[in-house]
Amino acid sequence: MDDTDVATLANVRPVYRLLDELGFRTTKTVWPVGCPEGSPNFGSSETLEDPAYLDFVLGLQARGFEIAHHGATMESSPRERTEQALARFRELFGGPPRVYANHALNRENLYWGAARLDDPILRALFRRVEGQQPDYYQGHVAGSPWFWGDLAGQITYIRNLTFSDINLCRVNPSMPYRDPCRPEIPWWFSASDAEDVHAFNSLISPSAQDRLESEGGVCIVATHLGKGFTDDGVVNSDMRRLLERLAAKPGWFVPVGELLDWLRKTREASPLLPRGEGRGMQWRWALDLALRKLKRGRR
């Protein structure tokens, strides 16, 4: 699942050409509308208001790639802009987005930051480390100018916690799941974190691929194909070799929505997330987050 941060036609098209050639059908998030106020961190990104980029994304959809939602645009959007973006998405792609992921520090993010956590101790630790005000993210807070939780029901799957393990069955076997404490969201799912090309190559190393296969596991990679996967139009050579190796395995390489649909159909247990599994996931996520930040600081 490719989040659209810093993505441009120049830096992601070569990667999608490779994915297409290898038979992978993946999920790409988009920003339907532009950001006229500007963005210090994501200003180089292209949105669906860029005609050539829009044509590229529509071409991906026509070839079987899944187009997903990453919020209205690259900076915080009040409800009006969120509604505008969802309407634009439906107009362009023939229906509402099936898959969504919150973006960075956008205030309209749903159940983001400490709101992802249930344990009071873990919430307090997270707020202390991140230094955010308690109610910074308000997409799920009725009455807030950032609120759109009542609209989230049109989206089927929303990404929540991310982990360092390639096999999500070891961390979140109940995925996708419902959370009665967060009722606006139809279904949640987890992902394996790979911030950039270096993290991606580490996550899908040969040994990790072999373990995922031997365990009969499931992996959804949350990454940013705009972050170092190409250099002057040339795909990273290590990543190419790893994907070629993976493509040769008897895997099922489908978009996120299709995979989650299949998991729901094959499930026998209740769709509600077991309390023990949820608590373990939250503590594991916090630990993985701390270790990832430490690793990035040393790179």
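Accessible areas here come from the Shrake-Rupley method with a 1.4 Å probe, and for residues only the protein chains shown count as cover. Show the surface of the protein chain: it comes to about 13,500 Å², with 53% belonging to carbon and sulfur atoms.

Some ground rules: this is a predicted model, where local features need pLDDT of at least 70, side-chain atom pairs count only at pLDDT 80 or more, and totals for chains, interfaces and linings use all residues. Residues are numbered from 1 along each chain as its sequence is written, and side-chain values use heavy atoms, with hydrogens and water left out.

Switch to cartoon and you'll find nine helices and eight strands (DSSP runs: H or I of at least four residues for helices, E of at least two for strands, numbered from the N terminus). Down to C-alpha atoms, the protein chain fills a box of roughly 45 × 45 × 40 Å along the principal axes.

Next, colour by burial, where buried is under 20% relative accessible area, exposed over 50%, and partly exposed in between (1.4 Å probe, protein chains only). Buried residues make up 54% of the 299 in the protein chain.

Now select Cys 169, which is partly exposed at 37% relative accessibility. What is the closest cysteine sulfur to the sulfur of Cys 169? That of Cys 219, 9.9 Å away and so too far for a bond. A disulfide needs a pair of cysteine sulfur atoms within 2.5 Å, and a search of the whole structure finds zero. Last stop: Cys 181, exposed with a relative accessible area of 55%.
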